[in-house]
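Work through the exercises below with the model open. Each task is followed by a solution in steps.

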Amino acid sequence: MNDTQRPLPLAGVRVLDISQVMAGPYACMLLGDLGADVIKVEPPGTGDQTRGSMGFKMKGADSLGFLNMNRNKRSITLDLKTEAGKEALKTLARDADILVENYRPGALRRLGLGYDVLKDINPRLVYTSISGFGQTGPWADRPGFDLMAQAMSGVMSVTGYPDSPPVKAGVPVADIGCALFAIYATLAAYIGAKNTGQGQYIDAALFDTAMAFSVWDTCDWWGTGKPPQPLGTSNKMTAPYQAMACADGHFVMGANNQKLWVQLCKVMGREELLEDPRFTTIALRLANRPALQDELEKTFRTQGKDYWVETLLANGIPAGPILSYPEAFGSEHAKVRGMRMEIDHPMEGKVPNIGFAVKLSGTPQQVRRHPPLLGEHTEEVLAEAGLAAEDIARLRSEGAFGS
């Protein structure tokens, strides 16, 4: 079978996406990109909160953020507070392989839709709960948002510059990171269920994810007994490895071992720094980082960033420009890597989407479905689940799909 005929890796896998906003929808989109049949279960009327987010309008009702986190899904609306809505979800759960939800901890269990109930309907179901602080612990009931996870995990304490106000990471590291950790666990559990027939419950938390990212900082604290502090663009393991000022702005560079340090000094014509007792080892350069930066920037300020990036790279020293998003997406490299793509959409026409972050050689990810309109596939999905037209009509009359 050649590559064009091979099915996508997750073809035939059924996923119920009962999540909103970012971590859960993003995780389920990744499954859909790999071939899973993702059924997005949304509240009637408003749907996923992200449909109405962002400060600008599109042609239709859905935000560009929603359109970038929900491709390759089908949408149904269910009011899970009604008995009819719960009945419909249980029907879908019978044949599902994976369920992903990000309600407040315990909310679906109180509705009679927790893992304890659905595993009796489908023992092989992998049930993944994503929350801010996990399903247990004194903070479990707190609202789960990326900002709070960054703040309370320690991440914000090492972000920014010394003596500056608190700063969060510029991108939602806890949200996206939790999506990735959740998918890694979910797929592992799915493989296990294929072998044993037994699914399991997965508890994924933004807080835990943010703490798991802090390997260097935590090891530094455990090893020295001193809590890590913000370092701007610098690195606590080596120096120089940071942004540097030059004649027309800033660029980033890294002479992060002794060989590169020697090479840097020679390229800059600053061989005297090799004999400076403040800079002879990595440990000394770390201890004297501000003085090191001052000395290097005396030379860097004599030329522009393009000159320094090209010169350092030509001599085997890592360096790069600091690009805006328009510059990054407009670069020839991003174009070759396919980091912007366009999706056909029934309301918007062509919709820009961020490209696939990893590339599979034999079964590359595909855009098979546009981000769905709210409730676009309700009757189609329920009919596939075995419900007759009269059963669907009854559920509608009993409020399963909203009033």
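**Exercise 1. Overall make-up**

Count the helices and strands of the protein, then describe its extent and burial.

Solution. 
- Step 1. The secondary structure holds 17 helices and 11 strands. The model is predicted.
- Step 2. Along the principal axes, the C-alpha atoms fill a box of roughly 85 × 45 × 45 Å.
- Step 3. The protein has 403 residues, and 45% of them are buried.
- Step 4. Take the contacts between residues at least 6 apart in sequence. Of these, 68% join residues at least 24 apart.

**Exercise 2. A lysine in a helix**

Decide whether lysine 86 is buried or exposed. Then list its contacts beyond four places in sequence.

Solution. 
- Step 1. Locate the residue: lysine 86 belongs to helix α3.
- Step 2. Apply the cut-off: buried means under 20% relative accessible area.
- Step 3. Lysine 86 has 12% relative accessibility, so this residue counts as buried.
- Step 4. With neighbours within four places set aside, lysine 86 contacts Asp79, Leu80, Lys81, Leu111 and Leu113.

**Exercise 3. The largest pocket**

State the volume of the largest pocket and describe its lining.

Solution. 
- Step 1. The largest pocket holds about 1100 Å³ of space.
- Step 2. Its lining has 34 residues; Met22, Tyr26, Asn68, Ile176 and Ile354 are the closest to the centre.
- Step 3. Two or more lining residues come from each of α1 (23–33), α2 (64–67), α7 (173–196), α14 (325–330) and β11 (349–354).
- Step 4. Helix α1 gives the most to this lining, with four residues.
- Step 5. Sort the lining of the largest pocket by class: 22 nonpolar, nine polar and three charged residues.

**Exercise 4. The second largest pocket**

Repeat the analysis for the second largest pocket: which elements give two or more residues to its lining?

Solution. 
- Step 1. The volume of the second largest pocket is about 660 Å³.
- Step 2. There are 29 lining residues, and the closest to the centre are Gly154, Val155, Val158, Thr159 and Asp217.
- Step 3. The elements that give two or more residues are α8 (206–212) and α9 (215–224).
- Step 4. Helix α9 provides the largest share of this lining, five residues.
- Step 5. By class, the lining of the second largest pocket splits into 15 nonpolar, 12 polar and two charged residues.

Definitions and conventions: Residues numbered from 1 in each chain as written. Predicted model: local features only at pLDDT ≥ 70, side-chain atom pairs only at ≥ 80, totals over all residues. Heavy atoms only, no water. 1 Å grid on protein atoms, 1.4 Å probe; cavity = no way out; pocket = protein on both sides within 12 Å on 5 of 7 lines; lining within 4 Å. Points joined across faces, edges and corners; volume = space filled by probe spheres on them. Nonpolar A, V, L, I, M, F, W, Y, C, P; charged D, E, K, R; others polar. Buried < 20%, exposed > 50% of the residue type's maximum accessible area, 1.4 Å probe, protein only. Contact = heavy atoms within 4.5 Å.
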